[in-house]
Amino acid sequence: MNSPNLPPGESGPEGPEPPPDDVLAGEFVLGVLDIVQYRAAQARVDSDHAFAQRVAEWERRLGPWLADIEPVKAPEQVWGRICARLGWNEGARAPSGFWQSLGFWRAATVLSTVVALAAIVWSLQIAHTPTSQVPPIVLQPPPAQPEPGAKPVTPLSHDDGTPGWLASVDSSRGTVLMVPVPSAPDSQGRVTELWLIPAGKAPRSLGLVSINKSYTVTVPEDVRAALVAGSVLAVTLEPATGVPHAAPSGPIIAKGVI
Amino acid sequence: MLETNATSLEALLAQVALGSRDAFDALYRSTANRLFGICLRVLAERAEAEDALQEVFTTVWRKAAQFDPTKASATTWLAMIARNKAIDRLRSIPTRQARASIELAEDLEDPGASPPQQAQAATDRAQLENCLERLEPRRRSLIRAAFFDGLTYEELATKIEAPLGTIKSWIRRGLMQLRECLGP
């Protein structure tokens, strides 16, 4: 097992001493370091990628132990304190069940709008005429028999349940037609960026999305496989420079599950 | 809408990474009891554990984008954040009283773990147990005490009245044996 090519300190299983960093990372995760050593190791996790990697490995090895600890009911007030700390209005989202029924009513109210907008998206796809103005909402259901090849529509809803965009996903072509419900630009000058989030994976930027014009987004080939049911499309507010960003940093303003 | 498909902790974390408060709310309701149990195990003092739990979730909100499902399960990732915050707080308390044994378990169900997650967690747990069983009993109990009670080398040495160097050597060897057994 021992290879002569291994660098000093990187010995195989039979080797005399493992690299000191790995010992330190293990001690850090195990929790045996005193306050001074602990803080020093913590600082290294933030600055030294290789060390952070070793710590992550130890967390993965020892983490399952934590499953042995019995859950204890978290005190009610903690949720409110978390919301306050994050600058949220805690009353709006108590961790009780009431918002679920509220969500039902919101959904019911919004449904007719979504249906009407879906009709618009459908007609846009048939006509292939991009437009800068979304026509007035007509409270008509879409035609009962869509053309063959008609695409499913995903509403991207704001937190209050109202739709912000409608997305029509064409997974065979790797495109997403985005139709906004026109809204005011961000007061802080941030731009709206579209993200595709495959289930259980990190978000991928699909670039900017307009707040008042519909157009087709071409999805990069390596993420097209994620244009499937269960993935999430979301829009966040981001700094105007550096688009597409590697990861979202601003607040989410609309989202929907494909 | 959010509720339709996003039921796994991994999916919830991905949405929290994008700033979804609904997902954060759901994540809290799924995991708070389990994570509070972890904080309380390390800190014993209820008020301290509450503060730690608050820090855990504000950290999760900020760092959700750093969660990488290829490196750890969401369950383990969240549990380790809870333990790290608790240990951090424990180290910051200047005078520590001897810990009493804690029996606060209320046998709560954990709605956050779906059956497949429980199965994976059980497999990981069984593997760890299997490797621990191979350690010399003394190393095993030392490592266990260190992990669950958050005891430092010095505290362990005082507690079992053994030289500090001996304790360090036992634990380090135990850790390396575990590493070999559990893999990289």
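**View 1. Confidence along chain A of the predicted model.** Chain A has a mean pLDDT of 76, with 70% of its residues at 70 or more. The structure shown in every view is a predicted model.

**View 2. The side of chain A that touches chain B.** Chain A gives 56 residues to the contact and chain B gives 68. On the chain A side, the elements that supply two or more residues are the helices α1 (20-30), α2 (35-47), α3 (49-62) and α4, together with the strands β4 (191-197), β7 (232-238) and β8 (252-257). Helix α3(A) provides the largest share of this side, six residues. Sorted by class, the chain A side holds 36 nonpolar residues, 13 charged residues and seven polar residues.

**View 3. Helix α1 of chain A against helix α8 of chain B.** The axes of α1(A) and α8(B), the latter covering residues 164-182 of chain B, are 10 Å apart and meet at an angle of about 100 degrees. Angles of 65 to 115 degrees count as roughly perpendicular, so α1(A) is roughly perpendicular to α8(B). From α1(A), the residues in this contact are A:V23, A:G26 and A:L30, and from α8(B) they are B:R172, B:L175 and B:R179. By class, the residues of this helix pair are three nonpolar, two charged and one polar.

**View 4. The helices of chain B.** Chain B has eight helices and zero strands. Along the sequence its pattern reads α-α-α-α-α-α-α-α. Of the 184 residues in chain B, 46% are buried. Among contacts in chain B with a separation of 6 or more, 64% join residues 24 or more positions apart.

**View 5. B:A44, in a loop of chain B.** B:A44 sits in the loop between α2 (21-43) and α3 (46-63) of chain B. Although B:A44 is not a glycine, its phi is positive, at about 65 degrees. A residue counts as buried if 20 or more other C-beta atoms lie within 10 Å of its own. B:A44 has 21 other C-beta atoms within 10 Å and is therefore buried.

**View 6. B:E161, in another loop of chain B.** B:E161 belongs to the loop between α7 (153-160) and α8 of chain B. B:E161 is not a glycine either, yet it has a positive phi of about 55 degrees. The limit for an exposed residue is 12 or fewer such neighbours. B:E161 is exposed because it has 6 other C-beta atoms within 10 Å.

**View 7. A:G230 and A:I258 in chain A.** A:G230 lies in the loop between β6 (215-218) and β7 of chain A. Its 15 C-beta neighbours inside 10 Å make A:G230 partly exposed. Between A:G230 and A:I258 the C-alpha to C-alpha distance is 5.6 Å, and the two residues are 28 residues apart in sequence.

Terms used:
Residues numbered from 1 in each chain as written. Chains lettered and ligands numbered in written order. Predicted model: local features only at pLDDT ≥ 70, side-chain atom pairs only at ≥ 80, totals over all residues. pLDDT = per-residue confidence, 0-100. Contact = placed C-beta atoms within 7 Å. Helix = DSSP H or I, 4+ residues; strand = E, 2+ residues; numbered from the N terminus. Nonpolar A, V, L, I, M, F, W, Y, C, P; charged D, E, K, R; others polar. Axes fitted to C-alpha atoms, helices over the stretch in contact; angles between N-to-C directions. Parallel < 35°, antiparallel > 145°, perpendicular 65-115°, else oblique.
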